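Subject: Structure for you to look at

Dear colleague,

Please find below the structure I promised to pass on, with my notes after it. I would be glad if you could read the two side by side.

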Amino acid sequence: MKTFGVFVKEVRTTKEITLREFCRKSWQDPSNWSKIERGLIPPPKSKVALDQIASALEIEPGTEEFNTLIDLAAISFIPNELLGEEEILEKLPAFFRTVRGGPPNEKELEDLIELIRKG
Amino acid sequence: MNANLVPERLTWPAIWYKAEEFRQRYVDPVDTIPLPIEKIIETKMGLEIRPIVGMKSAGIEALLLNDLRSIIVDNDAYLDERLENRFRFTLAHELGHLMLHPDITKGLRYRTIRDYINHRLGQNTEDLDWFERQASEFAGRLLVPRVQLDNFLQLERDRIEIYLKSPYGSNVEMLQVSLSRILCDKFGVSDKVIQRRFISEKIRFE
């Protein structure tokens, strides 16, 4: 069965709604919402929030998509685990831009790895 | 053991060709400006833009994960509308790595986190800088296509003529700065990106 996050992301990308547009319309924080779509934190449960999400996704109340959205939000949430070392190692970037312009130092690399791990 | 990261010495025209290929493939109509870069990344390419809190505090502006599926950005920069043009360039720069350097990325395998850190710290700074310059050149040409830039400069022809005949006429740099401020919002980039285009593309105003 699909999770809430996977369902929302599928609807969002099928309708060509960017993360920015979606978060602006649904009053969600993009960083948190990205975690919800990836199953790291639970979806909102309140009716107000779910109505805003449905509206941002252009889902009409009473439709099958609307009922699926509400049902998936109500299912008890088991978070995806944070990335283990093996998964992290597959994702670590070859290139990246530092704010100051030069290559990162050891401390910046360690901080970066921690940020990627926590998502 | 991973080898050192050594960039292929791509010419600027070779990079421009890649940027134009990208537009042909993903942008409809192909000459759209400003480029709707987030829509293209998320809905045409199926990649993820992942805002993370604290990236900038860790000294990192943005990066492309090695699975080539996700671009990580700083959440505050993502939300700050004043930085919108700069942010668009940041995304285009990461696309530059994806389009120009995928084989380098795919070839990397690490056994431990320490391996990664040591490998990254052991790289030649000049070589790493070449990768970054190539990605930035791709980004600049992608966001500011030459044909549209020439068209806008043609529209500014009278202003350019007046400037060139003025007592300051020999100071081309001042003209570049002035034109870049007029043109930057049309392309959705900073004035610095337009100035860079004038230099990279060797645009003359006489």
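This is a predicted model: local features need pLDDT of at least 70, side-chain atom pairs count only at pLDDT 80 or more; totals for chains, interfaces and linings use all residues.

**Chain A**

Residues are numbered from 1 along each chain as its sequence is written, chains are lettered from A and ligands numbered from 1 in the order in which they are written, and side-chain values use heavy atoms, with hydrogens and water left out.

The C-alpha atoms of chain A fill a box of roughly 55 × 30 × 25 Å along the principal axes. Its radius of gyration is 17 Å, whereas a compact globule of 119 residues would have one near 14 Å (the radius is taken over C-alpha atoms, and the globule rule is 2.2 Å times the number of residues to the power 0.38). Of the 119 residues, 45% are buried, where buried means under 20% relative accessible area, exposed over 50%, and partly exposed in between, with a 1.4 Å probe and protein chains only.

Two residues of chain A deserve a look at their backbone. A:Glu16, in the loop between α1 (4-14) and α2 (19-26), has a positive phi of about 55° although it is not a glycine, and this residue is partly exposed, at a relative accessible area of 32%. A:Trp27, in the loop between α2 and α3 (30-37), likewise is a residue other than glycine with a positive phi, here near 60°, and A:Trp27 is exposed, with a relative accessible area of 71%.

**Chain B**

Chain B has 11 helices and three strands, in the order α-α-β-β-β-α-α-α-α-α-α-α-α-α. Its C-alpha trace spans about 65 × 35 × 35 Å along the principal axes, and 55% of its 206 residues count as buried.

Where are the cis peptide bonds that I would ask you to check in chain B? One joins B:Asp28 and B:Pro29, with omega about -5°, and B:Pro29 lies in the loop between α1 (12-26) and α2 (37-44). Another runs from B:Ile33 to B:Pro34, with omega near -15°, and B:Pro34 is also found in the loop between α1 and α2 of chain B.

**Between the chains**

How many residues of each chain take part in the contact between them? In chain B there are 53, and they are in contact with 41 residues of chain A, contact meaning heavy atoms within 4.5 Å. Together the two chains bury about 4300 Å², of which 60% is on carbon and sulfur atoms; buried area here is the accessible area (1.4 Å probe) that two parts lose on being put together, summed over both. On the side of chain B, the residues that lose the most area to chain A are B:Ile113, B:Tyr116 and B:Arg120, which together account for 14% of what that side buries.

With best wishes

Methods. Helices (H or I, at least four residues) and strands (E, at least two) are DSSP runs, numbered from the N terminus.
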